[in-house]
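Me: I've got a model open on my screen and I'd like to talk it through. Can you take my questions one at a time and show me how you get to each answer?

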Amino acid sequence: MDSLAGQEGVLIRVLHHAQNLFGHLAREVQIHIARRLSLSLAEVYGVVSFYHYFTTEPKAKYTVEVCMGTACYVKGAANIIAEVEKELGIKVGQMTKDQKFGLQVSRCIGACGLAPVMVIGEDIHGRLKPEMVADILKQYN
């Protein structure tokens, strides 16, 4: 930040760098950035809350996203969610204690021909059956 302080339009660059370092932008980090860049906390928080990329909460290393669109729902996505919850010991919207996995539900990911579908990071896992979930999750250990 020292090399950028005083320059116009550096806030987003600093926020990106801070989030890459810490994984999220905690209030304390935002306060520090505001002070160092001579900005108000409201200005910093306004940018953080406006852009979807920024997060104020820690994120899991791997987000497990199960599609609940119509095709996936009809083909048993609820059973996939139940199996992921069982394997990871968490519910939808939660993260494992070690912050390795988080579980989210999506309305549609656009892979209806592969229903039911689960996405982990950039990987799409389709035509799932509950008994496949444990082996898939082991790939990310």
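Me: Is Gln-99 buried, partly exposed or exposed?

Reply: Bear in mind that this is a predicted model. Gln-99 sits in the loop between H5 and S2. Buried would need under 20% relative accessible area and exposed over 50%. Gln-99 has 38%, so the call is partly exposed.

Me: What is phi of Gln-99 near?

Reply: Most residues other than glycine have a negative phi. Gln-99 isn't a glycine, yet its phi is positive, near 60°.

Me: And Arg-127, where is that, and is it buried or exposed?

Reply: Arg-127 also has a positive phi without being glycine, near 50°. You'll find Arg-127 in the loop between S4 and helix H6 (133-138). The cut-off for exposed is over 50%. Arg-127 comes out at 54% relative accessibility, so it counts as exposed.

Me: Back in the loop between H5 and S2, which backbone nitrogen does the side chain of Thr-96 reach?

Reply: Thr-96 lies in that loop between H5 and S2, and its relative accessible area is 10%, so it is buried. Setting aside neighbours within four places in sequence, Thr-96 touches Leu-88, Ile-90 and Phe-101. Its side chain also comes to 3.2 Å from a backbone nitrogen, that of Lys-100.

Me: Which residues does the cis peptide bond join?

Reply: Most peptide bonds are trans. Look in the loop between S2 and S3, where Pro-116 has its place. The bond there has omega at about -10°, and it joins Ala-115 and Pro-116.

Me: Now the sheet: what is the order of its four strands?

Reply: Start with S1 (residues 62-67), which runs parallel to S2 (residues 101-106) and is joined to it by six bridges. S1 also pairs with S3 (residues 118-120), this time antiparallel, over three bridges. S3 in turn pairs with S4 in the antiparallel sense, again over three bridges. That gives an open sheet with mixed pairing and the order S2-S1-S3-S4.

Me: Which are the edge strands?

Reply: An edge strand here pairs on one side only. The twist from one strand to the next averages 20°. The two edge strands are S2 and S4 (123-125).

Me: At about what angle to S1 does H5 run?

Reply: H5 covers residues 77-88 and lies across S1, S2 and S3. Its angle to S1 is about 155°.

Me: Last one: within what arc do the buried residues of H3 fall, and which helices do they pack against?

Reply: In H3 (residues 41-50), the buried residues are Val-44, Val-47 and Val-48. Seen down the axis of H3, they fall within an arc of 100°, so they line one face of the helix. Ala-42 and Phe-50 are exposed on the other side of H3. The buried residues of H3 pack against helix H1 (11-22) and helix H2 (27-36).

Methods:
Residues are numbered from 1 along each chain as its sequence is written. This is a predicted model: local features need pLDDT of at least 70, side-chain atom pairs count only at pLDDT 80 or more; totals for chains, interfaces and linings use all residues. Side-chain values use heavy atoms; hydrogens and water are left out. Two strands pair if DSSP finds at least two bridges between them. Axes are lines fitted to C-alpha atoms, for helices over the stretch in contact, and angles run from 0 to 180 degrees between N-to-C directions. Contact means heavy atoms within 4.5 Å. Buried means under 20% relative accessible area, exposed over 50%, partly exposed in between (1.4 Å probe, protein chains only). A polar contact is a pair of N or O atoms within 3.5 Å; within protein, one must be able to donate a hydrogen and the other to accept it, and residues adjacent in sequence count only if both atoms are side-chain atoms. The arc is that of the directions from the helix axis to the C-beta atoms.
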